[in-house]
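Here's a quick walk through a two-chain model. Have a look at it first, then read on.

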Amino acid sequence: MTPARLMRYYDGELPEVAARLVEHELMAESELRGELQSYEAIGECVRQWAEQRSRGHDDLVDDVMRAIAGRPYSKRVPRRRSSHVLAWVSLSLGLAAGAALLMRTLTIQPAPASLVVPSAEHGAARSVAIESVDFGARGGTVFMVSTTSSDTPVVWTDDDDSDDDQRNEPL
Amino acid sequence: MKRAWFALCAVLSLASRAAPAAPVRARPPLAPEPHKLAAPEIVVGAEVLVLHATHDKKGVDPQIGALPELAQAPFSSFEGYALIERTRLPLSKSEARELKLPNGRTLELRLRDAPEKDSVRLSASINQPRGKDFLPLLEVKAKAGQAFIVAGQSYKRGILVLVIRIVK
């Protein structure tokens, strides 16, 4: 699975069936679960940092509005130094985690768009061998559906084109 | 002295033009090499089923026939399967075969080679009308009777499921 596909799952952007396929893979692969947890950690850091930033922004807006109105400062809550520290620590952690994840991505998956599927060995006698798949800019996955009589490889492409339905509706 | 040189050059020039050209032998036509003789065309085809999977509780269209894969996850999460088209495309190495899909895209199949006596290698791709490739390339090796599925394209509140089976 490509990091882009996992990120789309984390962001809730995958179609329902594709999201279920990702969940199947998450159940099977602990390494993938770890990767998802790192996304969650990064997301939490960024969220906290954004909250701190927005609080600071609110203070600034209050100050400007009061200055425009010609009123003296009142009930201004001084910004604590610790909030700055927390924001910078969160940002640093987020950047460090992102860099670590990027390094892992670059070392483990050199060609995310082109997936070579090792199904040539798997059930070669019973099924079609998928030798290579290029999903292009879209995501997708390859898996096997097994029945009593055969193993059938399935190439599942992500398709979130919202205009497809409109294109095919009668005018 | 100059005149003599001029006359000598003129004589030599005329002599070279008047000399008969060296006979040019016509190259005999190349005999076809044994290994480059036209190989017998591989006779193979692909049966393509275009199914529309939806959450309408209509069950599986009986025209589809026996397809036990539809009872397995993730296909089992759809409650209605309708057969849109069943067609058979003859495959050849010299020409790609195209099938227009109901969502406006085009499925293209091409026979690549026959790596073994009873198996073929073919490529499939799905292109969009506006030029972008939806599925740029899929290469498979299959025997007659074996099938693979390409699914996931959204279409009318459901998805398209393409079942591609190699036939002789």
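What follows covers confidence, the fold of chain A and the interface.

## Ground rules and confidence

This is a predicted model, where local features need pLDDT of at least 70, side-chain atom pairs count only at pLDDT 80 or more, and totals for chains, interfaces and linings use all residues. Residues are numbered from 1 along each chain as its sequence is written, while chains are lettered from A and ligands numbered from 1 in the order in which they are written.

The predictor puts the complex at an ipTM of 0.74 and a pTM of 0.61. Chain B has a mean pLDDT (the predictor's confidence in each residue, from 0 to 100) of 83, with 75% of its residues at 70 or more. Residues 18-24 of chain B sit below 50, and beyond near neighbours in sequence this stretch makes zero contacts in the model.

## Chain A

Chain A has five helices and four strands, taken as DSSP runs (H or I, at least four residues, for helices; E, at least two, for strands) and numbered from the N terminus. Their order from the N terminus is α-α-α-α-β-β-β-β-α. Of its 171 residues, 16% are buried, meaning 20 or more other C-beta atoms, placed from the backbone, lie within 10 Å of a residue's own.

## Where the chains meet

Across the interface, 31 residues of chain A are in contact with 30 of chain B; contact means C-beta atoms, placed from the backbone, within 7 Å. On chain A's side, H2 (16-28), E2 (129-134), E3 (140-146), E4 (151-157) and H5 (163-168) each supply at least two residues.

E2(A) also pairs with strand E7 (residues 133-143) of chain B, antiparallel over five bridges; pairing takes at least two DSSP bridges. There, A:Val133 stands opposite B:Leu138.

Notes:
Contact = placed C-beta atoms within 7 Å. Buried ≥ 20, exposed ≤ 12 C-beta atoms within 10 Å, placed from the backbone.
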